[in-house]
Amino acid sequence: MAKFSSRRRLLLGAAVAAPVAAAVALRPSEKGGAHDAYFMQLQQALRKAGLFRPTLVIDREKLDHNIACLRSHLPANKGYRIVEKSLPSLELLRYVRKATGTDRLMSFHQPFLNLIGREMPDAQVLVGKPMPVGAAQRFYERHDPSSGFVPERQLQWLLDTPERMAQYRELARARHRDHGERMLVNLELDIGLHRGGLHGPQAVVEMLRELQKEPSMKFSGFMGYEAHASKMPDFLGGPREALAEALGLYADCVAAAREELGAAFDDRTLTLNAGGSSTYELYDESAPCNEISMGSGLVKPTDFDRPTLADHVPACFIGTPVLKALDRSEIAGLESLTGAFAAWDPNTSRAFYLYGGYWYADIVSPPGLQHNAIWGHSTNQELVNGSRKVELAVDDFVFLRSRQSESVFLQFGDIAVYHQGDIVVSWPVFDSAA
């Protein structure tokens, strides 16, 4: 009987020990630390500049590194077009233009388009998405011809369907009648992303035939975007195979246009646009386009942490001060569980409230900080938790990396440009509501 009881105790002990061991294995390990030398220096630069508020920082040296990568990878027979929405600051665009020697921009927002026309009258602009015809009408209403920017020579509108072309045709006819202008028309191609655009050579030919009948409009080229290629998993062929398929579709459309237009198809003067930050390094001289677009890769938000941009480095950060540093992390109504939460996850032991928050961004320094899933987010005073190992006090900075650049860059006012230990200049961002 004693032997049976002993065996039963062993079995019972094993039954209890297994889930306990599993629970212990699942328990989060304690993390944390201090800023490394780079972020300590960046924190000091923000303090020295008096920027004790949420601030978007661009590291000029890292930006230069990424521009050098772009120049080294761009095929010799391809031009470069700057994606303006990803770098929404006139001074930032001027810096990139000077460093790359390009006058080509891609614009995605009517107020920005008017701003570019006014402030960069030498720019050659391709609209990057098919805008409502009302937005095009508003552009013309707000365009100042005295700026020197001439839309009929420098602005290409993007069209994706026969229906949209019919809408634009009415606007083009009015402009032609009243001002003697012709509207430049670039056609969007669906080359695999399936976000819209003309699907295949026959659709291209039909659009070209309609364009040839219209004296107020002029065909200016193609735009094909293939962002899906960089995300294609290996079991579906991987990025290179996806890009090859996309460019094959592009080449078919070019061939159809060349046959339809004959001598009028001149790829030395037409804009044959393709590419993007996550795919541009995969291009070579054989691609059927004559220019490649890229923007976000120059600052590298976290959405662009891809193998196809492995040699680019993060060049933009959000820095924001700590307003409150508490030794306990208490949740209203759950105060009695504070000790239990910290015992289970030591990374919830301390609470830090930030100046602002809830940005489309991820914390990168100091290590070990995490958002509180119960508390949620705040745009005013974001709560983040950390262990006792996190070295962070009131008025220290927390640094984040944005996941994208375009809309996030517009949330902080002027960009602080960091170089060799100091904030050296401020670059104003676009006004998105103009």
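A: A disulfide is counted here as a pair of cysteine sulfur atoms within 2.5 Å. This is a predicted model: local features need pLDDT of at least 70, side-chain atom pairs count only at pLDDT 80 or more, and totals for chains, interfaces and linings use all residues. Residues are numbered from 1 along each chain as its sequence is written, and side-chain values use heavy atoms, without hydrogens and water.

Q: How many disulfides does this rule give?

A: In general, a disulfide is a covalent bond between the sulfur atoms of two cysteines. Here the count is zero disulfides.

Q: Are Cys253 and Cys289 buried or exposed?

A: Buried means under 20% relative accessible area, exposed over 50%, and partly exposed in between (1.4 Å probe, protein chains only). Cys253 is buried, because its relative accessibility is 3%. Cys289 is buried at 4%.

Q: How is the packing of two helices described?

A: By the angle between their axes and the distance between the axes. Axes are lines fitted to C-alpha atoms over the stretch in contact, with angles from 0 to 180 degrees between N-to-C directions; helices are DSSP runs (H or I, at least four residues) numbered from the N terminus. Helix 9 (residues 201-212) and helix 10 (residues 238-261) pack at about 35°, with axes 9 Å apart.

Q: Which residues of helix 9 and helix 10 make the contact?

A: Contact means heavy atoms within 4.5 Å. Among them are Val204 and Leu208 of helix 9 and Cys253 and Ala256 of helix 10.

Conventions. Helix = DSSP H or I, 4+ residues; strand = E, 2+ residues; numbered from the N terminus.
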